[in-house]
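Good morning, and thank you for joining. I would ask everyone to look at the display while I speak.

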Amino acid sequence: NRTTLDTLGYTLDEFRGLHFRSLITKDQYPLARKVFEEIMNNGTQEGLSEFTLTRKDGTTLTIESNGALIFHGGKPYAIQGVARDITERKLAEEALKESENRYRTVFENVSDFLIIHELDGAIIETNIASIQSSGYSPGDFKGLNIRDLIPEKYRDGFNEYLCRVVENGRDDGLLRVRTKDGDNRIVEYKNVLIRHPDGTPRYIQ
């Protein structure tokens, strides 16, 4: 249709002479063959496929497509495909992934003591500095609660801390923690409440 021609930059006469393989890279041939065989065997394609197409001017776009057989006189005549341009969505996903990777690098390598924990204090994740400072290994932290790092006589204040974070969205102060070797240390914390998109509390960082 006109949208396809305008998107890919071809005239109708040019497009009629093209094979689908000329629009994709060779590494996508196996997927194209698999989809073709599925349609020929079943008459339709189950689910969607993603392909990166090359426009006439050499630029690319990503599509999500589905195909089915067209019959003429009771016999297969052609394959009709329906496609949607998802280029912007893919770019957004890649940008998000890159952002997450940058955050991961900062989280792991910052020299501050960083811990992400559940609303009940169960530890979700820690950074390298936290591991080195506490003497625990990454495996040791699995299944631990923040309370396990606080000397017993100071643990009652942890419930008050949790209430303040949930109520105010953040909290800061001093916390006494015990290393794996039994040494007591005082750490300064500045923690914030992370929420779900609907506004409900998710975890504390």
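This is a predicted model: local features need pLDDT of at least 70, side-chain atom pairs count only at pLDDT 80 or more; totals for chains, interfaces and linings use all residues.

E50 has a relative accessibility of 33%. Because buried means under 20% and exposed means over 50%, E50 counts as partly exposed. The residue belongs to strand β1, which spans 49-54.

Which residues is E50 in contact with, once its neighbours within four places in sequence are left aside? They are Q28, L31, T62, I63, I86, R89 and K90. With K90 there is a polar contact between the two side chains, at 3.2 Å. S65 lies 15 residues from E50 in sequence, and their C-alpha atoms are 6.4 Å apart.

The largest pocket has a volume of about 1400 Å³. Its lining comprises 36 residues, and F15, F20, L23, I79 and G81 are the closest to the pocket's centre. Strand β1 is one of the elements that supply at least two lining residues each, and the others are α1, α2, α3, β2 and β3. Which element gives the most to this lining? That is β3, with 7 residues. By class, 19 of the lining residues are nonpolar, 11 are polar and 6 are charged.

Finally, the chain as a whole. There are 8 helices and 8 strands, and 28% of the 205 residues count as buried. The accessible surface is about 14000 Å², with 50% of that area belonging to carbon and sulfur atoms. Among contacts with a separation of 6 or more, 35% join residues 24 or more positions apart. Thank you for your attention.

Key: Residues are numbered from 1 along each chain as its sequence is written. Side-chain values use heavy atoms; hydrogens and water are left out. Helices (H or I, at least four residues) and strands (E, at least two) are DSSP runs, numbered from the N terminus. Buried means under 20% relative accessible area, exposed over 50%, partly exposed in between (1.4 Å probe, protein chains only). Contact means heavy atoms within 4.5 Å. Accessible areas come from the Shrake-Rupley method with a 1.4 Å probe; for residues, only the protein chains shown count as cover. On a 1 Å grid over the protein atoms alone, a cavity is a set of points where a 1.4 Å probe fits but cannot get out, and a pocket is an open set with protein on both sides within 12 Å along at least five of seven lines; lining residues have an atom within 4 Å of a point. Grid points are joined across faces, edges and corners, and a volume is the space filled by probe spheres set on the points. Ala, Val, Leu, Ile, Met, Phe, Trp, Tyr, Cys and Pro count as nonpolar, Asp, Glu, Lys and Arg as charged, and the others, Gly among them, as polar. A polar contact is a pair of N or O atoms within 3.5 Å; within protein, one must be able to donate a hydrogen and the other to accept it, and residues adjacent in sequence count only if both atoms are side-chain atoms.
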